[in-house]
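Please find below a short note on the side-chain contacts of the model under review. It takes the form of numbered points.

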Amino acid sequence: MTAQPRPLSRQRWLIPVLVVVISLTVGVGLLARDLYTRPEAAPTEPVVSESPTSVAPEQQPGSPVVEVTPDVFAHPQYQSVRQVLQGYFDSINDRDYPKWTSVVTRERAKTKTAAEWKKDYQSTRDGSILVYRVEPSTPTMLRVLVAFTSTQDVEDAPLYLPEGCIRWRLVLPLRLESGSWRVDTTDGGTNPEHERC
């Protein structure tokens, strides 16, 4: 009895299947290697800090990035509050009046013309910005406790503290207007804490 040869059809499909399986294995391996060896992306979240970062006198006012405490980071309005405050301080640092009017309420925008605003902030730089607390006062109002440092020409400093570098601590009111939070006017009863650097 002679041995019968195996049918050729089985061998013909076995080779392409092995090629596909090996190709898929190599492809998945390369993809996994790429995913695990990618450099970490830069963090998109701001620095969470307990207290303002110490800055050398020649580096004042410090970073213009709005930082927050862990309590603020856990607040449900955290992203919106941080975004509007970053826009507020960026507008001052960039001397950008239209941007400032986009992050303040209509009522606050009416308090300064573009020329007045630019004169008030002509030499101001704000930095070392830390949001300590966010508290609701009404469903459409928030009170935000923020500390920051400003540097300016002495002649542009407030008359009651003619200094080139001032540390501020104040409550900024935010109002919900047209679906977004905006920095509102402060009432006359709020006195900001301030000291020379």
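The points below cover the basis of the note, the disulfide and the aromatic contacts.

1. The model is predicted: local features need pLDDT of at least 70, side-chain atom pairs count only at pLDDT 80 or more, and totals for chains, interfaces and linings use all residues. Residues are numbered from 1 along each chain as its sequence is written, and side-chain values use heavy atoms, with hydrogens and water left out.

2. Taking a disulfide as a pair of cysteine sulfur atoms within 2.5 Å, the count is one. The bond joins Cys-165 to Cys-197, with an S to S distance of 2.0 Å. Cys-165 belongs to strand β4 (residues 165-177) and Cys-197 to the segment after β6 (193-196), so the pair ties together parts that are 32 residues apart in sequence. Strands are DSSP runs (E, at least two residues), numbered from the N terminus.

3. The link of Cys-165 and Cys-197 is left-handed, with -75° about the S-S bond. Relative accessible area (1.4 Å probe, protein chains only) is classed as buried under 20%, exposed over 50% and partly exposed in between. Cys-165 is buried at 15%, whereas Cys-197 is partly exposed at 33%.

4. Rings of Phe, Tyr and Trp (its six-membered ring) pair if their centres lie within 6.5 Å; planes under 30 degrees apart are stacked, over 60 edge-to-face, and the rest tilted. There are eight aromatic pairs by this rule. One of them, Trp-117 with Tyr-121, is tilted, at 5.3 Å centre to centre and 55° between the planes. Both Trp-117 and Tyr-121 are buried.

5. One aromatic cluster is formed by Tyr-88, Phe-89, Phe-148 and Trp-168.

Definitions and conventions:
Helix = DSSP H or I, 4+ residues; strand = E, 2+ residues; numbered from the N terminus.
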